[in-house]
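Thanks, everyone, for making time this morning. I would like to walk you through one structure, so please keep the picture in view while I talk.

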Amino acid sequence: MSVPPQIGPFKVKGLLGKGAMGEVYEGIDEKLGRRVAIKILGRKHRESEEFKTRFLREGRALAAMNHPNIVAVYFIGEHEDRPFLAMEFLDGEDIGGSLKKRGALHPGDAAEVIRQAAIGLAETQRVGVVHRDVKPSNLVVTSQGFVKVTDFGLAKALQEDLSITATGVFVGTPDYLAPEQAMGKEVDARADVYALGCSLYHMCSGHPPFRKGGQDDHYTAVVRRHLKSERPELKLEIKGFDEPLSDLCRRMMSRRPDVRPTFEELKTNLNEISRRMGGQVPPRHASVELRSVDDVKSAIGTKQPGDLPSDRPPRQTRTTMIAVGIGVTIGIALGVVLAVMSL
């Protein structure tokens, strides 16, 4: 694929990456002497009005915000009948890449990363936008020590026409997918809280919450676990793990949206945890010492029934959830392309 010399008013320096939706180039605004990241819709999608609408929606969603924890959009334009966004060039590393290279984060640092992400997502909620694809690779740590929430390719304005996303077809990344989103239901900011909880678990343990590390880790199996499996607990998996942080993470991952904390609660609770644990950004990495099977059984035996709000929906709701989960499994082959819409 050849690199265009110019996109709109921006000189192109090189390709940064590409995905199902399009490409991202490094560019420069020569008038301002400013580096930008140029995200442009792929050529194969330029005849699709739906994809154009999705793409431009990201630009409008980001342009409506001006916040240090949200990637900024400087310009929206069109090149060769393809819409593009010129965004803030982030000089840093995404958390997903960091986890792959160096493993789990120090728990206090993970709390600080999630705290800053929650502050940014509180702003998206304020302007009526749900991100819907929060995950470690969409959290970038800049060289200045800020966490930036990026890639709003799946973002949905709460007030918009729902025709863009067909009823019953979910979008998102399965490792961090809220159950209501997997079932194709209406979602709000609480789905982003769930995804933040899954991301926090991944940062602290070194693996997503519903990955078992075997052949049974295919797409549909992971989605089923979000719908039906018991929430994992960091304090049961990792020796000496901070109990308040573990309990908060489990509450964030509740199947019941009404049990999950709000962004305001997250900001308050994570601020206290981060301060107590010396959380910092850029984050440090830590060795994770897993509990033995006997340790886990012993810890489970000491838990009290009232430790946390129930994660179980009413009986009728559970039956409905399982039935819908089966339908989702059947439809996943058709919906998978939507699940990777964002770069």
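This is a predicted model: local features need pLDDT of at least 70, side-chain atom pairs count only at pLDDT 80 or more; totals for chains, interfaces and linings use all residues.

Strand 7 and strand 9, which covers residues 139–142, pair in the antiparallel sense over 3 bridges, where two strands count as paired if DSSP finds at least two bridges between them. Helices and strands here are DSSP runs numbered from the N terminus, a helix being H or I with at least four residues and a strand being E with at least two. Residues are numbered from 1 along each chain as its sequence is written, and side-chain values use heavy atoms, with hydrogens and water left out.

Back to the strands: the bridge partner of Asp 94 in strand 9 is Val 140. The sheet itself is open, with 3 strands in the order 7-9-10 and antiparallel pairing. Its edge strands are strand 7 (92–94) and strand 10 (147–149), each of which pairs on one side only. On average, neighbouring strands of this sheet are turned by 30° against each other, direction ignored. Helix 3 lies across strand 9 and strand 10, and runs at about 45° to strand 10; for such angles, axes are lines fitted to C-alpha atoms, for helices over the stretch in contact, and the angles run from 0 to 180 degrees between N-to-C directions.

Which residues have the most contacts inside the largest nonpolar core? They are Leu 139, Leu 196, Met 203, Phe 263 and Leu 266, in a core of 62 residues. The largest share of this core, 11 residues, comes from helix 5. By a nonpolar core I mean a set of buried Ala, Val, Leu, Ile, Met, Phe, Trp, Tyr and Cys residues joined through side-chain atoms within 4.5 Å; buried means under 20% relative accessible area, exposed means over 50%, and partly exposed is in between, with a 1.4 Å probe and protein chains only. Leaving aside residues up to four places away in sequence, Leu 139 touches residues including Glu 93, Val 113, Val 149 and Met 203, contact being heavy atoms within 4.5 Å.

Helix 5, residues 189–205, is mostly covered, since 16 of its 17 residues are buried. From first C-alpha to last, helix 5 reaches 25 Å, close to the 24 Å expected at 1.5 Å a residue, the expected span being 1.5 Å times one less than the number of residues. After helix 5 comes Gly 206, whose phi is positive, near 95°.

Finally, the charged pairs: the structure holds 25 salt bridges, each a side-chain nitrogen of Lys or Arg within 4 Å of a carboxyl oxygen of Asp or Glu. Glu 93 and Arg 102 form one, at 2.5 Å from N to O; Glu 93 is partly exposed at 27% relative accessibility, and Arg 102 is partly exposed at 44%. Another joins Glu 123 and Arg 126 at 2.8 Å, and both of these residues lie in helix 3 (residues 107–126), 3 residues apart, about one turn of the helix. Is Glu 123 buried or exposed? At 12% relative accessibility Glu 123 counts as buried, whereas Arg 126, at 59%, counts as exposed.
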